[in-house]
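Q: I have a model open and would like to learn how to read its features. Could we go through a few of them?

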Amino acid sequence: MFDSLKKKLKKFSQVFSKKVEEKEKSRVKEGTAKKEKAKAKVSTKVKKAVIGRIQLSDKDIDSFLQDFELELLEADVALESAERIIQKIGKKLKETEFRRGENIEAKVYTIFKEAIAEILDDNKPFDIPDAISERPYKILVMGPNGVGKTTTIAKLVFYLKQRGFSSVIAASDTFRAASIEQLSYHAEKLGVKLIKHSYGADPTAVAYDAINYAKAHNIDIVFIDTAGRQETNQNLIREIEKMKRVIKPNLKLFIAEAVVGNAILEQIRNYKEKIGIDAVVLTKIDLDTKGGSILSIIDNKIPVIYFGTGQSYEDLMPFDKSFVLKKIFES
């Protein structure tokens, strides 16, 4: 998990460490020569070299960071996010003094970790049980084809059931073949009611019936499945806009898969603009070998509230900053 980003951060901490060591050797050599010629006129730069303090020039650091930005892009960090990460790291590096004999590589790696941690601190996650403000609490589940919406609904139903909340599922994806059958399978296994109509039926009518069922049976949460929509499919987008207008969901939940790279941001931005997104569940994070997607989403001020970490119902976890940092920075 996140192997690409991990390797690039490690590599560049080593590269920067070597730059510092080379600069130290150069300054020590320069300082020794100047001392021999004029001991009474030792410059501040030479003093630093002689006593073992080194601070690279802004030019040296900027050159290093240009190369590092390209590496971040290769790890699926979006351009705007990569630039902000570079700014954070650059500021820290320019303020840091390095000393002869210290572990410079470890010090640089810590600076990288602090910069990434600051990005993750911008995330504003919440747990659905804490967000429930009325009953039934209506969750509109959206996202493109193939990202794992059906499985994620099942995981969320299981997660909330473990915490004492009842659910009903609306099979409002009346477009995709076998979608209702898949939801029926999960609903039966989880012991929850599935409200369904026939294929081709009005998705909003299915959702409306599910909400009325929840009201009549004192059910806490209504999960409303929707057809997988590419943001370019205007007819299907208008359909979900109608559903949003009629049922007035409490939570508009976007399901995104971590493995699609920078395409994830374009999907999220389009849905956010046309429909609105309150939070994201990031699926298949266990298969994400690069690691940049999560940083890009958070940097765009969209809350990531859960991770999908496998195929079992139990494989859903709330966002955890320490978990992400551990996967990026620890072996």
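Q: Which residues do ring pairs link into a cluster?
A: The model is a predicted one. In it, Phe16, Phe64, Phe68, Phe98 and Phe112 are joined into a cluster by ring pairs. Over the whole structure there are ten aromatic pairs. One of them is formed by phenylalanine 64 and phenylalanine 68: the ring centres are 6.2 Å apart and the planes are at 15°. Planes under 30 degrees apart count as stacked, so this pair is stacked.

Q: Where do phenylalanine 64 and phenylalanine 68 lie?
A: Both are in helix H3, residues 58-74. They are four residues apart, which is about one turn of the helix.

Q: Are phenylalanine 64 and phenylalanine 68 buried or exposed?
A: The cut-off to apply is that buried means under 20% relative accessible area. Phenylalanine 64 has 1% and is therefore buried. Phenylalanine 68, at 0%, counts as buried too.

Q: What sits over the ring of tyrosine 109?
A: For a charge over a ring, look at the distance from the charged end to the ring centre. Here the charged end of lysine 10 sits over tyrosine 109, 4.6 Å from the centre of its ring. In sequence, lysine 10 and tyrosine 109 are 99 residues apart, yet their C-alpha atoms are 6.9 Å apart in space. Another case to look at is arginine 163, which lies over the face of tyrosine 159 at 3.6 Å from the ring centre.

Q: Which residues is tyrosine 109 in contact with, leaving aside its neighbours within four places in sequence?
A: The partners are Lys6, Leu9, Lys10, Ser13, Ile328 and Phe329. Tyrosine 109 itself belongs to helix H5, residues 104-121. Its relative accessibility is 13%, so tyrosine 109 counts as buried.

Q: How do H5 and helix H12 pack?
A: Two packed helices are described by the angle between their axes and the distance between the axes. For H5 and H12 (residues 292-299), the angle is about 50° and the axes are 8 Å apart. That angle makes H5 oblique to H12.

Q: Which residues of H5 and H12 meet?
A: From H5 come Ile116, Ile119 and Leu120; from H12 come Leu295, Ile298 and Asp299. By type, the residues of this contact divide into five nonpolar, no polar and one charged.

Conventions: Residues are numbered from 1 along each chain as its sequence is written. This is a predicted model: local features need pLDDT of at least 70, side-chain atom pairs count only at pLDDT 80 or more; totals for chains, interfaces and linings use all residues. Side-chain values use heavy atoms; hydrogens and water are left out. Helices (H or I, at least four residues) and strands (E, at least two) are DSSP runs, numbered from the N terminus. Buried means under 20% relative accessible area, exposed over 50%, partly exposed in between (1.4 Å probe, protein chains only). Contact means heavy atoms within 4.5 Å. Rings of Phe, Tyr and Trp (its six-membered ring) pair if their centres lie within 6.5 Å; planes under 30 degrees apart count as stacked, over 60 as edge-to-face and the rest as tilted. A charge sits over a ring if NZ of Lys or CZ of Arg is within 6 Å of the ring centre and within 35 degrees of the ring normal. Axes are lines fitted to C-alpha atoms, for helices over the stretch in contact, and angles run from 0 to 180 degrees between N-to-C directions. Angles under 35 degrees count as roughly parallel, over 145 as roughly antiparallel, 65 to 115 as roughly perpendicular and the rest as oblique. Ala, Val, Leu, Ile, Met, Phe, Trp, Tyr, Cys and Pro count as nonpolar, Asp, Glu, Lys and Arg as charged, and the others, Gly among them, as polar.
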